[in-house]
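The sequence and structure are shown below.

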Amino acid sequence: MPAKSSTIVTALTAAALVAVGVLGYQASASAPDTLSQARKGGHQAPEGHPDGHGKKDTKDHAPAPAPVPAASGAGRRIVYSLAAKRVWLVGPKGTAQRTFAVTPSTVSPPRGTYAVGSRSVSVMGSDGVAIEHVVRFAGVSGVTVGFSAAVDGSRPDPGAGKKTGGIRESREDGKAMWDFALHGTKVVVVP
């Protein structure tokens, strides 16, 4: 009987270790690359309360997310506003699942409807910066245009004089774009 009990305990311990390992992997896969990125999007102290303690002023409200541009079509799509320098990832029912600011490229696509034509996990950008989560959707005068995130988190200087088609986003937004923008996904460019 003691041999059977020790076998059961060993099996339960092994199963628990496997479960902890799987949960640890899932947590690390969904965690931001650095804690500072997590803090940027996390809780922030209300103005006047640098340590976050004290009474919260009910007049302080987070700004409402920018609405999806009205003339951007219908259904699941990516909307890129040239003037607002903003992107919306729009679900099938027409509501924004995510919106974020971007740094435009020096070469902008004309307004219109496109489709994601190719994707790359990581490449060297035309400006010499390592980029990731590249989602290409247009070509203008021989320049490929697409969304990407710089691995080092930098944003290009639009006045740098180089013809580039990389519309830069943060690494976190780049990951969201990558997950959303499968091959063939509609991209609508609005003024």
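Leaving aside residues up to four places away in sequence, tryptophan 178 touches Arg119, Ser120, Val121, His133, Val134 and Val135. The model is a predicted one. Tryptophan 178 sits in helix H3, which covers residues 171-180. Tryptophan 178 counts as buried because its relative accessible area is 16%, under the 20% cut-off.

Threonine 164 is placed in a loop, between strand E7 (143-150) and strand E8 (166-168). Threonine 164 is also buried, because its relative accessibility is 11%. With residues up to four places away in sequence not counted, threonine 164 touches Ser105, Thr106, Val107, Ser126, Asp127 and Val143.

The table lists the relative accessibility of these two residues.

| Residue | Relative accessibility | State |
|---|---|---|
| Threonine 164 | 11% | buried |
| Tryptophan 178 | 16% | buried |

The strand pairing involves E2 and E3. Strand E2 (residues 86-90) and strand E3 (residues 96-101) run antiparallel and are joined by 5 bridges. Valine 90 has alanine 96, in E3, as its bridge partner. E2 and E3 form a hairpin, with 5 residues between the two strands. Which residue in the turn has a positive phi? The residue is glycine 94, with a phi of about 90 degrees.

Methods: Residues numbered from 1 in each chain as written. Predicted model: local features only at pLDDT ≥ 70, side-chain atom pairs only at ≥ 80, totals over all residues. Heavy atoms only, no water. Helix = DSSP H or I, 4+ residues; strand = E, 2+ residues; numbered from the N terminus. Buried < 20%, exposed > 50% of the residue type's maximum accessible area, 1.4 Å probe, protein only. Contact = heavy atoms within 4.5 Å. Pairing = 2+ DSSP bridges.
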